[in-house]
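Please keep the sequence and the structure in view while reading.

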Amino acid sequence: MAIREKVFDIIISTFKRHGAEVIDTPVFELKETLTGKYGEDSKLIYDLKDQGGELLSLRYDLTVPFARYLAMNKITNIKRYHIAKVYRRDNPAMTRGRYREFYQCDFDIAGQFDPMIPDAECLKIVHEILSGLQIGDFLIKVKPEPGASAGFSRRCCEVKSILLAFYLLLVSARQHLHPL
């Protein structure tokens, strides 16, 4: 617990230094909001029914609820972060880092910006977080999205997969960490 809190503190302080605000979205979403957004992974969404018969689902990730939040509130430009539990109806394989309930960490830059500026900022954030965790030497590899015409450009710059993978690495290798 103490390691997680220290890791979260470093991540959150970095996000705040970059002007991001925290936005918390509900754990439950209408099933129709999530259905079809994840392709093959849609079968991994937990479906629920409330007492009124409304079909609900547990959030699979933090991105679709964030997109719904932006649309509902007519927000056009924002930097936000969110660290929260997400749920996957999956066969857990702890050795492969697969869990049914786990923390996901998102940092999003949504809106219109000069090309590559959000991408560069996301890389800087990852570098600051990894440096702040004092893990020693590291290498950040970047793989452009398929079909991206100019570098890595996209509507939202998401660091979550890197940070989530890094967090799982921290949990599994914490005996090798320097004291934070």
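Predicted model: local features only at pLDDT ≥ 70, side-chain atom pairs only at ≥ 80, totals over all residues.

Helix α1 spans residues 2–17, and the distance from the first C-alpha to the last of its 16 residues is 23 Å, which is close to the 22 Å expected at 1.5 Å a residue. After α1 comes Gly19, a residue with a positive phi near 85°.

## Helix α3

In helix α3, which covers residues 63–73, the buried residues are Thr63, Val64, Pro65, Phe66 and Leu70. Like α1, which is followed by a residue of positive phi, helix α3 is followed by such a residue, here Lys74, with a phi near 50°.

## The open sheet and the helix across it

An open sheet is formed by 3 strands in the order β1-β5-β6, and the pairing within this sheet is mixed. Strands β1 (21–22) and β6 (101–110) each have a single partner strand and stand at the edges, so one side of each is left without a neighbour in the sheet. As a general point, the strands of a sheet pair through backbone hydrogen bonds, either parallel or antiparallel.

Strand β5, made of residues 78–87, runs antiparallel to β6 and is joined to it by 10 bridges. Within this pairing, Arg80 stands opposite Asp108 of β6. Helix α4, formed by residues 117–132, lies across β5 and β6, and its direction makes an angle of about 140° with β6.

## The chain as a whole

The protein chain contains 5 helices and 6 strands, and its elements, read from the N terminus, follow the order α-β-β-α-β-β-α-β-β-α-α. Of the contacts in the protein chain with a separation of 6 or more, 70% are between residues 24 or more positions apart.

Of the 180 residues in the protein chain, 36% are buried. The chain exposes about 11000 Å², and 55% of this area is supplied by carbon and sulfur atoms.

Technical notes
Residues numbered from 1 in each chain as written. Heavy atoms only, no water. Helix = DSSP H or I, 4+ residues; strand = E, 2+ residues; numbered from the N terminus. Buried < 20%, exposed > 50% of the residue type's maximum accessible area, 1.4 Å probe, protein only. Contact = heavy atoms within 4.5 Å. Areas by Shrake-Rupley, 256 points an atom, 1.4 Å probe, with all protein chains shown as cover. Pairing = 2+ DSSP bridges. Axes fitted to C-alpha atoms, helices over the stretch in contact; angles between N-to-C directions. Expected span 1.5 Å × (residues − 1).
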